[in-house]
Every structure is written in structure tokens, then in C-alpha cells.
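I opened this notebook page to record what I looked up in one structure. The entries follow the order in which I consulted it.

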Amino acid sequence: MAAPSTIYSRLHASPYFLLALAPFFWACNWIVGRGLHGEIPPLAMTFYRWCFAIAFMLPFALPHVRRQWPLIRKNWRVLILLGVLGVGSHNALAYIALNYTTVMNGVILNSFIPVMIIGLSWIFLRQRLANVQLAGVMVSLCGVLTILSQGSIERLAAFRLNPGDIVVVLSMFLWSLYTICLRWRPSGLHTLAFLFVIACVGDLAVLPLYLGENAFFRQVQWSGHVVIALAFVGLFSSFVAYVCWNRGVEQVGANVAGLFVHLMPVYGTVLAWIFLGEVLQLFHVAGIVLILAGIFVTSRAAPPPVPAAPD
């Protein structure tokens, strides 16, 4: 298998492809997290997911970490911030929420990440989208609501928040902060070195909480499929997805990148149709068309992607 750094270098010329790939792996992660919530508690899920990710990254990232250690040490404050926001707290809260809410509610709330990113970018960075880009966001959001309401206004009106949903909102808020804070990622720091460092920071932040969970609440029910699932989310939902997302944000900006989160319900719907035998209905197709149309409008109206710096 080609090294992740080689695969990454082949793909980095297409930031929109990378931004479309990351939500696919995150959609898989939500399915795994919900499916295993009875066997592995949320903080353990977070900790071991990133343990696997760090192990996968180690042979590829370590040479870059050694070579760029002075740059890493110089920017330790922003790297700690990004690690705690984007790896530790965000993931832990998402897994906690999946113990108390449904996947449907979680995906609905995930779909508001682009709105959060736009709002936070305006508040802290004074950035805003052009009118045509805002129109694309609204079209895409309509597509999400079409899928999740099954084309019924009554079903959408009946949606209610529960404590798990509130935790999802907090998790998404932290992810939105992480996305806009990527603008302060140290310039010149290799992608694999950056991801390895923030993964280690995030996992260390979760470690004491996991130890407390293990000692006083629940413990992991280890089995072969639990290990395989953790390895999958460690490699794809953590390592590969974050590389794709970070590079995409670097080239097109947080506002445009955030819109691609709307692809999560698209992937979830299609995967359920293929692998779970669920019926693909007209409202699914209509919603997918609207989501893709919104992404197309916003992406076409965005400034040209910034050329990726060589790693």
C-alpha cells in the first residue's frame, strides 16, 4: 500500500475532492460510534480511536516531527489549542452524545456546522460569504432538511432537542472553532507532523478522563470486532479524514470548507441503502440533488484555491 504521504501528495491538488472525502469517513465513524456505544464507553472510544490513529501515523510522521521540532516547540500554544479543540474535546463530546440521542438528530445538528463556521468567522475574523455563496449554503441546507424530514414539514416541526442533542451542539461548536483556528496552523509545518502532534495532544487531554471513566463508570467489552472497528476509525475517520480536511481548509478557507459537512447525510443515506437494505425514496434523491447543487454554487463562487505549499 502506498504511504499516506504519497497518497496525500497525489490528492492535494483537488481540495474539493479532499473536502468531500472527509465527511464520508466521518459518517462511517458516527455509525460505528452508535453501533458500539453499548460495548465501548465514549471516552474509551475517543482515547483508543486516536491511539490507533497515532500508531498508523507514527512511521510516516516521526521523521517530519524530528526535523521540524524547533518549529513545533515555537508554536506549542496554538498546537495545544488545536489538539484540544479538534481531537480531544470535540470527539469525546460526540461519542458521549451518541449514548443519549439518535443518529438522525446528530446528523441534523451536524448539518448546522457551516452556519456556525460562517457566524464565528464573521465574529472573530470579520469574514463573510458573497451573496451567491450564502444562497448556495441555504440551498444545501434545504437539501439536508429534505432528507431528514422525509419531505414532511410536520416531521421537521416535531423535532425536539434532548440532553444528547445539546452535547452534539457543543461538540459541533468546538469543531467549528477548530476549523476557523486552522488559519493559525504554523506555516511550513508538514501536514503529517501537524496531525501527529495535535493527535498526541488531544489523546493526552482525554487520558485522565478515560482513566476516570474506566475506574468509576464503565469499561470496554473487548472483542475482535471492537478492535477492528477502532482500527477502522483510527485509520480512516481520524488519520485520512483529518489530512483531507486540514488541506482542504488550508486551500479554500473555513467558510467554503464548512459547507461540505452537508455531505454527511448524503453518505449516510446512500450507505444505508447499499449495505443495510433501506429503501431509497424520492425525498432522498431530491435532498441529495439540492445538497450537491448548493456545494456547486458556493464552490464556483469561491476564490480560486490557494496553491498547496510543498511538504
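I looked up Cys181 and found that, neighbours within four places in sequence aside, Cys181 is in contact with Leu81, Leu82 and Leu85; contact means heavy atoms within 4.5 Å. I noted that the model is predicted, that local features need pLDDT of at least 70 and side-chain atom pairs pLDDT 80 or more, and that totals for chains, interfaces and linings use all residues. Residues are numbered from 1 along each chain as its sequence is written, and side-chain values use heavy atoms, with hydrogens and water left out.

I placed Cys181 in helix α10; helices (H or I, at least four residues) and strands (E, at least two) are DSSP runs, numbered from the N terminus. Cys181 has a relative accessible area of 9% and is therefore buried; buried means under 20% relative accessible area, exposed over 50% and partly exposed in between, with a 1.4 Å probe and protein chains only. I recorded 9.4 Å between the C-alpha atoms of Cys181 and Leu85, which lie 96 residues apart along the chain.

I next examined the helix pair. The axes of α5 (residues 76-97) and α10 (residues 163-181) come within 8 Å and cross at roughly 160°. Axes are lines fitted to C-alpha atoms, for helices over the stretch in contact, and angles run from 0 to 180 degrees between N-to-C directions. The two helices α5 and α10 are therefore roughly antiparallel; angles under 35 degrees count as roughly parallel, over 145 as roughly antiparallel, 65 to 115 as roughly perpendicular and the rest as oblique. The contact includes Leu81, Leu82 and Leu85 of α5 and Trp175, Tyr178 and Cys181 of α10.

I then turned to helix α3 (residues 42-67), which packs with α5 at an angle of about 135°, the axes being 8 Å apart. That angle makes α3 oblique to α5. Among the residues that meet here are Thr46, Arg49 and Trp50 in α3 and Val87, Asn91 and Tyr95 in α5.

Beyond its neighbours within four places in sequence, Asp203 is in contact with residues including Thr46, Trp50 and Val87.
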